[in-house]
Amino acid sequence: MDSLDFPTGRWLDSPAHQAWLLGEGQRLVSFAKASRLPGGFAGLDARGALPGAAMADTLNTTRMIHCFAMAHVQGIPGCLPLVTHGVAELLDGPLRDTRHDGWYIDAREQGERSKTAYLHAFVALAASSAVVAGAAGARPLLDDAIAVIEAHFWREEEGALCESFAEDWSQAEAYRGANSNMHATEAFLALADVTGQTRWLDRALRIAERLIQHHAAAHDFVVVEHFDAHWQPLPDYNHDNPADGFRPFGSTPGHAFEWARLLLHLEASRQRAGLQVPAWLCEAARSLFAGACRHAWNVDGAPGLVYTLDWHNRPVVRARLHWVHAEACATAAALLRRTGQTDYEQWYRRFWDFIAVHFIDLVHGSWHHELDPQNRPGASIWGGKPDLYHAYQAVLLPRLALAPSLTTALAQANVTKR
């Protein structure tokens, strides 16, 4: 790094910055503890309370297990009982389908009962982190999650996950999604560390090859999100519902950041395992990051990253979401660690400054989850403050090497310091 550009050195090497990250992580964890309820965990409102009609859902339950497991292995008291609670509920609680196996979206007995790849990837991630944390029941949960992925979601001939099924595993959805496969890539990196089986790294690479090396590279490293069952892109998918929280129309710059970081983790994990490491992984990560910054930052005259773009890179949904900025920040740190190049330091500081000024809520706790185009708190897509996962990982990842995966890395860092 050029010391003339940054006379104080890199923030990643600054004790004060590391202390700030640690303190912010502890603040986020303390806020999220209120999400526990019978059945698992649920989303909190803007003041950190459970809404009156709150019920457990699989997304919040798995993400809280993962995060509280990471907090526990760092030595934050009171977190292991939360992990154990979540694991027990996923094993035998109302989110589990004891007849057909797998996990529901939420605990309602009526309504949506489909089985989605997105949520089952998070069950696997949560279980792997719970195993690292030493939580009771974690190993059987991990075995069950792997068995469901193997039996129903992984398609060896496609090198990716199929999307969803009916409750009884019939009626496979004629859709393939980049989002679910991106989170499967994240989960597979963790599974490789916890099981010691490198086939998960091979599967993660096959997913990345399809979605990034093939499709994103052909679209100037813009991530194509939606496909039919034959992996043909669906560019007009959800054109009439552009602000969908999980399948929005167009491209999602936040996923370009997230993919870029995962490619660097995959590169480092494969190198660590002694596997062949494709040269394109790092270059694709750099291209994804550069494009997302160029097209999404300050594109409507105000600072911040917009949620979605159309296929001409014009803003569609101009809201600023906290998870997009968390991923941008974590990816800038990963690229800085991987390359040492000054521009990533600039982006890292720029993103954290924006987060500190606009997203961090020092009055009611946690982070605002959404800002409107004028950077005022909003709730058009995400109401309340249900998500610990993105913000917490953003304060942890800059402190760690790119491999192994996050919870394993935190556990090993604690052992090394003894």
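The model is a predicted one, so everything here is computed from predicted coordinates.

Start with the inside. The largest nonpolar core takes in 143 residues. Within that core, the members touching the most others are Phe-68, Phe-188, Trp-259, Leu-263, Phe-351 and Tyr-392. Helix 4, spanning residues 117-133, is the top contributor, putting 13 residues into this core.

Tyr-392 is worth a look up close. Setting aside neighbours within four places in sequence, Tyr-392 contacts Gly-25, Leu-28, Val-29, Cys-67, Met-70, Ala-71, Gln-74 and Ile-76.

Next comes helix 8, which runs over residues 253-272. From first C-alpha to last, its 20 residues reach 29 Å, close to the 28 Å expected at 1.5 Å a residue. Most of helix 8 is covered, with 18 of the 20 residues buried. Just past the end of helix 8 sits Gly-274, whose phi is positive, at about 75°.

Then there are the charges. Side chains of opposite charge can pair when their charged atoms come close. This structure has 23 salt bridges. One of them ties helix 8 to another helix: Glu-267 in helix 8 pairs with Arg-338 in helix 10 (residues 322-339), and the two lie 71 residues apart in the chain. The N to O distance for Glu-267 and Arg-338 is 2.7 Å. Glu-267 has a relative accessibility of 10%, so it counts as buried, the cut-off being under 20%. Arg-338, with a relative accessible area of 36%, is partly exposed.

A second bridge joins Glu-158 and Arg-176, at 2.9 Å from N to O. This pair also links distant parts of the chain, 18 residues apart: Glu-158 is in the loop between strand 4 (154-155) and strand 5 (160-161), while Arg-176 belongs to strand 7 (residues 176-177). Both Glu-158 and Arg-176 are buried.

Asp-106 and Arg-108 make up another salt bridge, their closest N and O atoms lying 2.9 Å apart. Here Asp-106 is buried because its relative accessible area is 11%, whereas Arg-108 counts as partly exposed at 38%.

Key:
Residues numbered from 1 in each chain as written. Predicted model: local features only at pLDDT ≥ 70, side-chain atom pairs only at ≥ 80, totals over all residues. Heavy atoms only, no water. Core = buried A, V, L, I, M, F, W, Y, C linked by side-chain atoms within 4.5 Å. Buried < 20%, exposed > 50% of the residue type's maximum accessible area, 1.4 Å probe, protein only. Helix = DSSP H or I, 4+ residues; strand = E, 2+ residues; numbered from the N terminus. Contact = heavy atoms within 4.5 Å. Expected span 1.5 Å × (residues − 1). Salt bridge = Lys/Arg side-chain N within 4 Å of Asp/Glu carboxyl O.
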